[in-house]
Amino acid sequence: MSKQRFSALSLFRRALGGHRSWEPQWRKVEPKPSYDVVIVGGGGHGLGAAYYLAAEHRVGRIAVVEKGWIGGGNTGRNTTIIRSNYLFAESAALYDHSVKLWEDLSQVLNYNVMFSQRGVMMLAHTVHDVQVFKRHVHANRCSGVDNEWLTPEEAKAFCPPLNIDPDIRYPVLGAALQRRGGTARHDAVAWGYARAASELGVDIIENCEVTGIRRDPQGRVEALETTRGLIRASKVGVSAAGNTSAVLSLAGVRLPLESYPLQALVSEPVKPVFPCVAMSNTIHAYVSQSDKGELVIGAGTDAYTSYTQRGALHINMHTLDAICELFPMFRRMRMMRNWGGIVDVTPDRSPIIAKTPVPGLYVNCGWGTGGFKATPGSAHLFAWTIAKDEPHPINAPFTIERFRDGYLIDEAAAAAVAH
Amino acid sequence: MSRWRTATGGRVDRTRTLAFRFDGTRYEGLAGDTLASALLANGVHLVGRSFKYHRPRGILTAGAEEPSALVTVRRDSARVTPDLRATQLELYEGLDALSLNRWPSLERDVGRINDWLSPLFPAGFYYKTFMWPKSAWKSLYEPVIRRAAGLGVAPTEPDPDRYAQCYAHCDVLVVGAGPAGLAAALAAADQGARVLICDEQSEFGGSLLADRHATIDGGPAAAWVAHAVADLAANPRVVCLPRTTAFGYFPHNLIGLAERLTDHLAAPAPHAARERLWQVRARSVVLATGAVERPLVFPGNDRPGVMLAGAGRTYLNRYGVRVGARVVLVTATDAGYEAAIDLHDAGVEIAGIADLRTAASGELPAAARAAGIEVTASATVLGTSGNRRVAGITIAQISSAGSSAARRTLACDAVLMSGGFTPSVHLFSQSRGTLRWSDDHQAFLPDRSAERERSAGACRGVVDLAETIADGLTAGAESAPSRTATARRIVATRPRSSDGGHLGAVPLASGASQKSFVDWQHDVTIKDLAIATREGFRSIEHVKRFTTTGMATDQGKTSNLNALAIVARAIDAPIPRVGLTTFRMPYTPTTFGTFAGPSRGDLFDPVRRTPIHDWAAAAGAVFEDVGMWKRARYFPQPGEDMHAAVARECRAVRSSCGLFDASTLGKIEVVGPGAAEFLERLYVNSWANLGVGRCRYGILCREDGFITDDGVVARLAADRFHVTTTTGGAPRVLAMMEDYRQTEWPDLEVWLTSTTEAWAVIAVQGPNARDVLRGCVEGIDLEASAFPHMSVAAARICGVEGMVMRVSFTGELGYELNVPADYGLEIWKAVHAAGAAHGGITCYGTETMHVLRAEKGYIIVGQDTDGTVTPVDAGLSWAVGRKKPDFVGRRSLQRQSMQAPDRKQLVGLRARDGRTLLDEGAQVADRPNQQPPMQLIGHVTSSYESAVLGSPIALAMVAGGRARIGQTLYVPMPGGDVEVDVVSPVFYDPKGERINA
Amino acid sequence: MLLIPCPHCGERPEIEFTYGGEAHLVRPADPSTLDDAAWADYLYMRTNTKGVHAERWRHARGCGRFFNALRDTTTDRFLATYRIGEPRPAIAAGGAR
Amino acid sequence: MPEAPARHVPSLPSADWMSPLPPATRLAFQGGLAARAAAARVFPLPDAQAVCQARCDGDRAGLWLGPDECLLLAPATTGAAALLEALRSAIGTAAHSLVDVSHRQVGLEIRGPQAERILNGACPLDLSLEQFPVGRCTRTVLAKAEIVLWRTQAQHFRVEIWRSFAAYAAALLQEIARDYVV
């Protein structure tokens, strides 16, 4: 198909023609009988992996199968926060790899993903928080990841709505700021990768649910049974977020995963009032303002595993009481829409991007609440791992075997709260 | 009275005139008006500018589905609320509303240029441009987009209003108090059920409040409503909640209601709650949520003055407002005729009725014709005219060949339209009930319920009034837990008006030059939908996200089905195949403050204070938050900063005596014949050999082998242990213990009781501690020989039965007095006074505690450990019961990785210059002068100025650290490396002589 | 907020409970006899069932007792609750409301 | 050696509808059926099956908190030591746990026609008389705190709450009550 470049000029030209000449952003195709690589899961991670397989590894026949519509899972259900100021060198390298790819993604894909480096500020409310965040700041600086310490007054200057009154229940004692962090337009990431991958010949097959994984007598993956027929594949990469356990169980692979509901919400749109992303782990809330003007708000997962894509009212109540405490002028704002995703969580809260015990079967999962920010990096590394049948040095630590061997990358525990 | 207000009729109070302001202009309305009806009564139709094209916009509806007439309401500088719907705002004296999205004024808005440039702004245009040059996104494009986007202006001052919350339970919750809902509530109440009925409007009655034609039980509908409401109000088992929106349907029949308490009042009581969140758990739910009239999608359908037919009727019949003097009806249902007839009867000239249907027959069309109104069948709309208000409409008849004929332009000042009714299945869908497409109704209707729930009336496609009421009666009665009373019967008659309907664009709209709007608020036109499908966005979720149709503050209540039909037609698929956008809470926007409720300030989270807190506060203590506790961090004297205060406190403990409030430490009484075995299995330490009256430092690992908590455990009797935990870890440890006790080891007869708050704990630490306590403690010989380090005994402490533990977290001779909490304050004071007689006693806080323990190399779990540290890493291998066959975490510690020599281990660090205080969290490297990314081998966990040593000290976790003692390492700081010596983590009194004094 | 049937106290609101993860994972009597893989399997591997899931809850702010439940994780509907030590009831998905 | 000093319970507000209760003797009792039966001979204790029931005898009450757990309440004049002694000798060798928690928590009485509504401002249970009759008791939550709630009369509830949460609970209930009582 002809490549339709996106630009102001193309927009203008096609406007003259009443916008009648646009073509589908990705080809609508029937599944072929066989592929070299099939990616299961048409979210940003899966579509991105397909794109990099085609663009960087020159894999010939690639398909992405998606049980619903692309970008309909966690890619389209998150709060779009992007940052890389993680504590451990392994994590920081992984997420910073991603941030670097984010920085050029709109141009590489020729699709404006609206990556907005407006800064992510993590608030410290206790002496313990201060210690933890300063440890992050030092570790990040030494790793070459930007992260700086702000006093409460500096935090307020960076984010004027912030309440730094020392008499509130959990006063702000300071903040760690990553200026390169920010947000992006979530849907555009899926569509941009889909369009770019499709142009490179990747088949994107929607409404195609995997119902079985066939293995040859040697145990190697040979085909996927799907609701749209049998699809042969020499390699299968699973990038199915909350549904990973269900998909991999089709191949008899057990994983250290649990799937939890994660809710987020937006307010009605208002004129620009919130310039950055602010996060508070101690009182469980984070907020930014979308380019459309909505306050985009999230918090932690619900308490129990579930695949219902909805969460509990009391979780929202706790999220919003925290937001109102930190930003008391927002109390009169109104929630416009709430939604839920299913996040797959590993015991150490770090992802798995790795080979599985089944030859030819690869998995990219366990992103918990942090998958969106990793999209390009994760996709890039997953493509590498599939293409070369071995991990890239950056994702080499993120194996399944680390749980057996005790090499956990435990970011959550690193922020331990005992005192 | 303005020419737009009728002389009589309606439910407004014509004796009460209310003044209000809109964009600074003063107007008058009547009590009972909404802002929308009052504006219309003043002939104001232009009320806002659209989001993207800044087109002039008016009032489309008369209810919660309004996409267009949004305003900001200001009560004072702090009480500013953006994005409110004029159709829902009850008028009050002094109401001050501002239009949105316009500059400099509503009439003259420069943003209007966007409308002329609109060909450049089709759906999703921003994905295709603004990419070059790259740096311009942040500096130019995004700021411009952000400024252009957004509706109202967010409040800038803290909201002073209160918000309330409550839980409620009922047998039957009825959502919606229209005919079906009222009938359901009456029927359920007849059966003795506990009923809660809510409606988003200020009055119960729903559609009946604007109905001139219906009769119920032989009288006017409004009279029946009044009677029904009175009946319900008189029943003590019924709760009636007007102005209350059921915004969310949560699992297991939990419904969230938002009750608006004061927004309709001119002068609310100063401290009255503004809104109340109800969390209602209902045995059964009856959804009687009605239906929303659909606009018609025709060219120029967004001009002010173009509104829904039902809204026109509502403004007339309920508010006594004529929406125009010369009105054209465009309809695909009989409801349009009903509106025409009502308006005609009220003296409005009806310039014509354009009916999209091929045949305009039936009772209501006949009545319209009889009234002399001209009716055009097989009609379509080709466009409208008028700038700030509609001035004309061009209609045409579709010939049998499908082209337009008999084109006519009718002058008018309002256009009413009716495209049919979309059942409000929002809550049903939120409950996870399944929807089915009904060809008969041209709508999605409730199919299978997921919860104990029934839909009744228009929300499930029942349209006839008599049937609606009967449906409500059945739903109510069958939802009641028991049915004993005979069923109530209600007789109702009303002309059928909702037959017919049209989905999607009107014929020939796509060829018109004027825009045909689907989503008013987000300015989504049929062209945008066409572009989306052309570009391959075919799932309705994709179309919605690409065009943003249905994603505005009305969440597509008037637009979703039209969008769906247009997409279905474009891709030639049946509507159900295209899908239905997901319904999510909230049904209508719901105030953050309502969710937050009273949880603010000190009620945001409990503030836990020890029995000694007030004394410490009076003594000038500075507190820190640890979990929910407030702990005294240091006790500055006049002129002292933290550093000086801590240095003084440290010196006092090392040289004489310090007093410390340790009451927040977690305490668990472990009792029963299996107590020792229980701890044996749980902790890394051995307990069987711990004698009664002795204490031991215990370490608790998770099953993965990492330290999760620590604390001293005292054996009070053979079958009784007093276990202490960290302050923050107490609930976690108790929960973990209960887990193992109940689920893994039910064979053990052991029970756990939290005693954290039963005891106040007063730590008396320092070389003079024994002397100070001698006069305070009865029943124990405190001498070292009789009561050595790590002893415990019951005693009378200042006259009260308590417990003394000889323990020390300072490295000094120390005791911890455990006294019943109510006596804590007085005994603290008594010990403080006793100290004065023995060379003085100094209160110290957590900061000094941290310094003192760091001088001794004692870890703080959560500071020196971080959830990745094993007992061996922390230098505590001496505590691990080597001979024990098992304990929680033991198996994990046997893994090779846990034994690796390069694991991070606890060491001490001292700056080589003897002066530099390291930063806590600073990193450690074994090579100097590295550039990022550096090879790092550890980090500083604790760092303090040591007053007693006269120099800074630090603890660190360093890879293979114990083998590095004596080496020089480097702490890379922004200004360069700090050279440090690796030393033993025990900086002070390494032999431990002082502690055993 | 779920309504959870505590086998001791009856239906009570979710906020009185804590979730305890997958049920019927019995701690090995002698963990030292397990190899690393088997131990990791006990520690970390979870079925993460999409459908009827046997799981533990504790009525922590009620009677304090742990119990097991069968819940359909695709609907959050509780199909059964039973006491610790009792066998998993034989109930298929969608078997109860 | 000094006399026993003054006792300070957390200072809590009172109102027409709320009063802090005086200090009391409280024991946490846990144990099997044998121990419970034995203890019931000297103290009013609900049967293990009497789920969420309180059993009273004069000014002493045993509250069912769990199948093997009761909270024993007695006036402060009945010293904990004496009560413990009596129970221990009655129970004998049957395995059990008795812990003095007199000072761990405080009692708060909520009463009057609005008591139910005020409590339901933060407590998620159905407190109607038909669902939560007189004599019913249970551990539950009051917003972000844990409480034991006991309906002692139709319009009287007793709230037992850990002392450091009591100020929060009282302040929260006062905040709620502003909308219900003048």
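Visitor: Is His19(A) buried or exposed?
Guide: His19(A) is buried: its relative accessible area is 5%, and the cut-off for buried is under 20%. Keep in mind that this is a predicted model.

Visitor: Okay, and where is His19(A) found in chain A?
Guide: You'll find His19(A) in a loop of chain A, between helix H1 (8–16) and strand S1 (34–40).

Visitor: What about the phi of His19(A)?
Guide: That phi is positive, about 55°, although His19(A) is not a glycine.

Visitor: Switching to chain D. What's the phi of Ala143(D)?
Guide: Ala143(D) is not a glycine, yet its phi is positive too, at about 50°.

Visitor: Where is the place of Ala143(D) in chain D?
Guide: Look at the loop that runs between strand S8 (137–142) and strand S9 (145–153) of chain D.

Visitor: New topic, peptide bonds. What kind of bond joins Trp132(B) and Pro133(B)?
Guide: A cis peptide bond, with omega at about -15°.

Visitor: What's omega for the bond from Pro932(B) to Pro933(B)?
Guide: Omega is near -5° there, and the bond is cis.

Visitor: Where should I look for Pro933(B)?
Guide: In chain B, go to the loop between strand S48 (923–924) and strand S49 (938–946); Pro933(B) is in that loop.

Methods: Residues numbered from 1 in each chain as written. Chains lettered and ligands numbered in written order. Predicted model: local features only at pLDDT ≥ 70, side-chain atom pairs only at ≥ 80, totals over all residues. Heavy atoms only, no water. Helix = DSSP H or I, 4+ residues; strand = E, 2+ residues; numbered from the N terminus. Buried < 20%, exposed > 50% of the residue type's maximum accessible area, 1.4 Å probe, protein only.
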